[in-house]
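Colleague: I've got a new model open and would like to learn how to read it. Could you walk me through it?

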Amino acid sequence: MTGLGALITRDVRIAWASGGIVNALAFFLLVTILFPFAVGPDTALLARIGGGVIWAAALLAALMPVERLVGPDAEGGVLDQLSVRGFSMPTVAAAKIAAHWLGFGPPLMLATVVAAGLLGLSAQTLGAVELGLLIGTPGLAALAVATAALVTGLRGAGSVAGLVMLPLAVPLLIFGAGSIDGGVGALKLLGAVSLMLLAGAPFVAGAAMRSALE
Amino acid sequence: MVQADQPSGPSFGPVPAPAADGLGEGTALAFRDVTCVRGGRVLFERLSFAVPPRGAALVTGPNGIGKSSLIRVAAGLLRPVSGEVGGAAVRTLMGEAAALDSVRPLRDALAFWAALDAEPTDPQARVARALHAVGLSHIAEVPVRLLSTGQRRRAALARVVASGAGLWLLDEPANGLDVASVAMLERLIAAHRAGGGAVLIATHLPIALPDAQTVMLG
């Protein structure tokens with residue numbers, strides 16, 4: 001479907017042009033750098049908690065662009081124009097999830113290599129973290145878009161978004177961080193949570209966007 | 001025909017309906033007993049009118065009476081609490097917001113929408129013709145954020161022209177336009193109607209529409 005491709009391209013382009021991707025990555029790296037300052041330069045300790053630190057930082061970085069994912073399109077009449085052209089809101093939400101992941105997942109996985117170096121993670125741990133992020137970030141992107149749609153039109157949408165999104169992301173964090181030394185079982189559960197979010201988010205976000213139209 | 005209580009919302013295409021109920025293929029847009037409620041307040045009740053091809057309807061009334069809501073009901077963005085909205089024509093909307101990506105050149109911002117229109121012909125060619133029609137060809141490469149208010153409105157009008165849709169739904173199209181641009185708007189509407197199109201216009205500014213029916217609210 002060419003329309004879906006056009007929507008995804010547009011959203012990825014906006015994410016790059018607004019600097020949202022670079023900001024989120026810089027934020028991600030800053031959070032991982034803050035941890036050694038907070039817990040001290042104990043290499044063994046950092047190597048042990050590093051994977052969890054990366055997951056927590058990834059979660060916070062996913063939250064960064066939430067305000068610009070849906071809100072500007074709802075206010076700017078873009079959703080109106082898409083609706084008049086026959087796009088259903090769940091379709092638009094699915095395109096936004098795909099675009100958000102494309103602009104956020106792969107760059108984050110690259111930045112993780114840098115973060116792993118800073119935290120002194122072993123190559124084996126880095127591999128486990130990257131695999132977990134590959135499985136978990138689509139779910140994170142779906143959750144971010146659903147949250148963005150739910151808080152559209154609220155005052156102080158950004159702070160409300162954090163309160164809505166972070167508790168719902170806890171399962172991803174548990175199984176993501178758990179998969180680093182927990183093996184295949186945690187990875188399967190991470191995949192299940194991620195798939196559930198991916199399957200449900202377009203409809204939640206679509207319903208919220210639909211009510212924003214009215 | 002689109003039922004008022006249909007749960008799936010926005011698929012508002014050219015839906016042919018049997019001619020017997022008065023919402024047939026011969027009509028570009030038909031309202032039958034449409035009631036619209038916003039925020040617990042009844043804006044209009046049991047409103048019925050039809051716009052034939054080549055026809056025009058002018059929605060008038062004081063501020064806040066529901067002119068924009070009527071346009072949004074016609075566009076399928078707002079569900080009426082009762083009644084039916086029908087009609088065979090493909091719709092296009094010029095709303096209050098420009099909905100053009102601010103960092104992109106005007107031509108590309110319009111081409112994004114033109115590519116999503118139901119019209120199968122080349123989007124770039126349609127955009128070029130539409131920009132010429134609204135007199136913005138010379139700033140086609142300028143980013144949308146640098147456009148003035150009036151130029152933005154003309155750009156939104158260019159999207160309507162480029163859509164090739166049979167029914168234009170225009171919400172306050174004359175806002176922010178100078179005298180010459182209003183004359184251009186009137187010429188474009190006349191040409192659209194001469195080509196078999198129909199328009200529904202909500203406005204509080206005078207726009208010359210020969211043989212238009214008036215939908216008076218309030």
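Modeller: Let's begin with burial: of the 214 residues of chain A, 46% count as buried, where buried means 20 or more other C-beta atoms within 10 Å of a residue's own, exposed means 12 or fewer, partly exposed is in between, and C-beta atoms are placed from the backbone. This is a predicted model, in which local features need pLDDT of at least 70, side-chain atom pairs count only at pLDDT 80 or more, and totals for chains, interfaces and linings use all residues. Residues are numbered from 1 along each chain as its sequence is written, and chains are lettered from A and ligands numbered from 1 in the order in which they are written.

Colleague: How many helices and strands does the secondary structure of chain A come to?

Modeller: Helices (H or I, at least four residues) and strands (E, at least two) are DSSP runs, numbered from the N terminus. Here chain A has eleven helices and zero strands.

Colleague: Which residues have the most contacts inside the largest nonpolar core?

Modeller: A nonpolar core is a set of buried Ala, Val, Leu, Ile, Met, Phe, Trp, Tyr and Cys residues joined through C-beta atoms within 7 Å. The largest one has 137 residues, and A:Ala144, A:Val145 and B:Leu200 have the most contacts inside it. Leaving out residues up to four places away in sequence, A:Ala144 touches A:Ala62, A:Leu63, A:Val66, A:Leu69, A:His100 and A:Met165.

Colleague: How many residues does the contact take from chain B and from chain A?

Modeller: Two residues are in contact if their C-beta atoms, placed from the backbone, lie within 7 Å. Chain B provides 24 residues and chain A 20. On the chain B side, α2(B) gives the most, with four residues.
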